[in-house]
Amino acid sequence: MADTGVVEALLRRVEKVDDGVDSLEVATSLELDHQVIVGAVKSLQAVGDVISAELRSSKHWELTDEGREIAEHGSHEARVFGSIPVEGLPQSELMKLSFGKIGFSKAMSNKWIRLDKAHEGGPRIFRTVESIEDQVREKLLLLQKGNASQLEEKEKNELKKRKLLSEVTVKTYWIMKGNSFSTTVTKQETELTAEMITNGSWKEKKFKPYNFEAMGVAPDCGHLHPLMKVRTQFRQIFLEMGFTEMPTNNFIESSFWNFDSLFQPQQHPARDQHDTFFLSDPALAHDFPQDYLERVKKVHSEGGFGSQGYKYDWKIEEAKKNILRTHTTAVSARMLYKLAQQKFTPVKYFSIDRVFRNETLDATHLAEFHQIEGVVADYGLTLGDLMGVLHQFFTKLGLKKWVEVGNSGIFRPEMLLPMGLPEDVSVIAWGLSLERPTMIKYGINNIRELVGHKVNLQMVYDKCGWTDFTFRM
Amino acid sequence: MPTVGVKRDLLFKALGRTYTDEEFDELCFEFGLELDEITSEKEIISREQGDSKASGASDIILYKIDVPANRYDLLCLEGLVRGLQVFKNKLEAPRYRRVSPVNGEPQKLIITKETAAVRPFAVAAVLRNITFTQERYDSFIELQEKLHQNICRKRSLVAIGTHDLDTISGPFTYTAKAPGDICFRPLNQTKEYTATQLMSLYKTDSHLRHYLHIIEDKPVYPVIYDSNGIVLSMPPIINGDHSKITLKTKNVFIECTATDVTKAKIVLDMMVTMFSEYSVSVQHCFVLCPPDSESTEKIAQLLTRMCLRSRATGVGDEIEVEIPPTRSDVIHACDIMEDAAVAYGFNNITRTTPRTYTVAHQFPLNKLTELLRQDLAAAGFTEALNFALCSQEDIADKLGKKISETKAAHISNPKTAEFQVARTTLLPGLLKTIAANRKMPLPLKLFEISDVVLQDETKDVGARNSRRFCAVYYNKSPGFEVIHGLLDRTMQLLDVKSARGEGYHIQAADDPTFFPGRCAEIFVQGKSVGRLGVLHPDVINRFELTMPCSALEMDVEPFL
């Protein structure tokens with residue numbers, strides 16, 4: 001609230017006139033700075049309809065510092081003329097004066113003075129006329145008195161060019177009485193207090209309106225990571241569909257379970273040093289189920305179970321090599337093998353966990369990512385069943401372009417039969433990365449903005465919307 | 001998945017029509033391929049080396065197509081077009097036939113026993129009356145390169161050599177000799193070199209140096225001579241210049257030397273069949289395939305569209321399928337079924353719901369983790385997600401510990417230091433997250449619940465994961481009481497009371513990661529589960545931080 005004295009003085013001025021007053025005029029008459037009156041107007045506007053104020057802007061001419069100096073002491077050329085006595089003045093003397101240099105050339109071009117270069121004792125200046133008329137000063141004096149209209153535009157622009165005059169825009173208020181005009185203003189309360197409630201004084205008080213355009217204060221809270229929130233959603237979908245979670249807490253896997261058991265040949269590019277992280281310590285795995293290992297070896301090197309096999313020399317040394325698992329399917333293989341050792345019952349399994357690739361990194365590829373995997377094993381499952389399950393899964397997720405986010409298929413007999421699963425059992429499976437759909441959902445282009453320590457925590461705070469994932473059946 | 005780049009206009013010309021990008025994408029999808037990218041040489045160079053290098057490069061549109069890893073028959077324009085044309089019923093599935101030369105005996109390649117020490121197998125074939133154009137020639141070279149990179153495992157399993165037959169004369173001899181005894185003028189060189197000289201010459205060759213290791217330390221190197229003693233090639237490194245093929249070449253002698261004879265045969269079949277349309281043909285076997293619900297005739301038709309000539313035998317539901325040499329990927333009846341499904345169209349398959357009845361179970365450790373995460377966020381801490389791989393320095397030196405004490409699993413082939421070990425603690429990741437977010441308002445309160453990896457001899461792979469909970473508080477003052485309070489809250493959530501013996505308690509401990517006198521060990525039922533404390537200023541500095549920081553890290557698994 002502006003100074004109460006100023007506000008009341010302003011209100012008294014407004015009271016006297018019916019068609020309103022100009023804020024600048026009020027400022028002049030009260031001998032106050034215009035901004036003080038503007039402050040008073042604004043605080044009155046906030047109170048309600050006490051006054052009505054209309055913003056007006058006007059342009060007017062104002063003397064510059066140099067212009068004011070000239071209005072007071074005369075133009076430089078007139079001052080040069082005035083300082084030259086009848087007997088003349090040496091040029092060097094004149095140049096010592098503050099206005100000498102500019103005034104000399106102007107006075108010369110006005111032909112008020114002349115220079116005798118050949119004069120004894122150095123160049124000397126003499127008057128050429130008896131008296132002069134200092135028009136520049138007179139014009140500036142007119143302007144200073146507010147009689148700008150008496151000058152032509154051309155003259156004003158001339159003075160502006162000489163930097164003696166500048167045009168300024170002044171914003172003023174035209175102030176009139178409002179509907180609830182009064183010369184006294186009650187102080188407004190900012191907030192309701194416990195005291196007011198106790199003593200009932202809130203009933204008499206007026207309260208300052210809130211600014212509903214402003215944002216509220218952010219709640220002080222922790223946040224879950226966006227990728228982990230999406231993981232929670234995927235877990236939920238699998239659980240709703242009756243899938244049991246596989247224990248995938250084993251990042252280090254043997255090549256045997258990661259590749260050989262899945263009927264991936266030992267020379268497959270994925271088993272290259274450039275694609276897979278191998279371990280130097282612990283370098284090798286041991287304790288393989290011996291009978292199963294022999295069947296795997298045979299199906300690779302000689303075939304069997306209806307397959308011609310890959311016909312190459314399968315080596316146990318290659319199978320023993322420890323790696324960071326390249327897919328969670330290694331765990332699926334362990335689970336299916338375990339399943340085959342009991343009397344077969346149908347299962348539905350899922351997992352979402354980290355996998356590792358020794359790939360070249362770019363905006364969408366990291367050396368590790370999360371793989372989502374679903375597996376169904378039952379008698380007589382068909383491609384139609386796979387398509388049906390996938391459809392249900394992605395419908396629940398709410399992703400329309402699901403074909404591009406993952407892979408799916410039916411496990412090969414060369415993988416399942418050596419495990420000992422019954423011949424008429426099929427296993428359908430699909431997999432996708434967790435990062436890809438999360439990036440699509442949150443509109444993130446660079447995977448480093450989502451995963452790893454370079455993540456921007458502000459993103460973690462902000463990327464939290466649930467729509468897309470939650471509200472679909 | 002290998003990616004094949006083909007010039008769009010050439011592809012359309014060969015297919016006999018043009019497609020919009022969307023139509024072609026759709027066609028690829030139906031056929032089981034993926035149109036990965038539409039680009040040009042200019043665009044590729046500009047993206048990889050900058051605009052300045054790209055000026056003057058070709059801006060002919062290229063289609064980059066992802067091909068399944070075992071479909072070697074689709075690795076070149078010719079194979080791709082043939083597959084698509086047959087699929088669209090525009091071409092009959094080709095039947096390849098081996099033919100003898102019109103006059104004279106077939107060519108012979110004699111393998112000597114010396115090769116056993118280095119590269120024991122070789123197969124060969126001749127393509128006769130071929131007509132090369134610049135595009136066909138480029139495609140021929142490109143196919144060799146693709147095969148070398150994929151099935152040939154960068155020439156280690158198989159290496160291909162192609163020669164102008166009219167410049168050499170059979171029979172040919174595949175043998176192995178000491179490097180000093182092999183001397184010839186290699187491809188695109190002006191003088192003769194011994195094999196020893198060649199190996200040092202190619203040490204600096206950006207392309208060939210990658211193959212030197214295959215034979216470098218062997219006592220003898222493989223080499224192929226013609227009957228006049230002219231060197232055809234020194235596989236798997238380089239061919240001789242004498243027999244190089246040109247646009248004018250009419251008859252091509254193709255040799256594949258190998259350490260795996262099955263792969264060598266596949267590669268040779270591929271080279272021959274892909275270019276047989278500009279030349280001659282070969283032939284192979286058949287498998288039986290039990291059909292599903294579709295009629296046997298319909299399935300036979302579908303298979304034929306996939307270049308697998310088929311007919312219903314009339315005996316029950318039996319179908320006889322001819323597998324052409326181009327389809328080395330067919331090794332089981334299920335591969336034939338897959339092709340029948342592709343030809344039928346996956347999108348035409350009726351979706352069904354399996355009747356599999358199951359009850360879902362969560363993995364208990366993950367269930368506990370999910371519950372804890374929610375409540376830790378509710379306690380005002382924000383979840384971070386860091387990499388499971390890191391440098392040795394992160395888990396040892398920076399924390400004031402020795403790498404030998406960490407029980408870390410070490411990676412043998414990391415491309416950078418960031419992937420030297422699997423992390424043994426979650427703390428470095430959280431500290432790095434803070435370092436990357438120093439501009440955020442204080443205090444920073446972060447947590448992570450995730451797995452670390454520790455060596456463990458009792459496991460078949462010699463290591464196990466361990467689920468950890470880690471939290472840090474970073475502010476102008478250490479805030480030990482904040483981290484301690486979080487521990488108390490966590491124990492409350494885990495239903496563990498504050499008490500010695502049955503419950504949990506903390507007691508002073510020494511740990512180089514923490515400031516002396518500001519570290520405590522957490523005990524639950526008398527067993528240590530982790531530590532908390534104020535970090536040592538040296539640790540703070542090594543992670544490029546400037547403020548005090550308190551931290552907590554503990555095992556989650558004991559609470560199951």
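**Close-up views of a predicted model**

View 1. B:Tyr19 counts as buried at 11% relative accessibility (buried means under 20% relative accessible area with a 1.4 Å probe, protein chains only). B:Phe24 is buried too, with a relative accessible area of 0%. This is a predicted model, in which local features need pLDDT of at least 70 and side-chain atom pairs count only at pLDDT 80 or more, while totals for chains, interfaces and linings use all residues. Side-chain values use heavy atoms, without hydrogens and water, residues are numbered from 1 along each chain as its sequence is written, and chains are lettered from A and ligands numbered from 1 in the order in which they are written.

View 2. B:Tyr19 and B:Phe24 are edge-to-face, because their ring centres lie 5.9 Å apart with planes at 65 degrees. In chain A, ring pairs join a cluster of A:Phe234, A:Phe238, A:Phe243, A:Phe350, A:Phe393, A:Phe394 and A:Trp430.

**View 3. Charges over rings.** Look for the charged end of A:Arg127 over the ring of A:Phe81, 4.3 Å from its centre (NZ of Lys or CZ of Arg within 6 Å of the ring centre and within 35 degrees of the ring normal). In chain B, B:Lys191 lies over the face of B:Tyr193, 4.7 Å from the ring centre.

Notes:
Phe/Tyr/Trp six-rings, centres within 6.5 Å; stacked < 30°, edge-to-face > 60°. Buried < 20%, exposed > 50% of the residue type's maximum accessible area, 1.4 Å probe, protein only.
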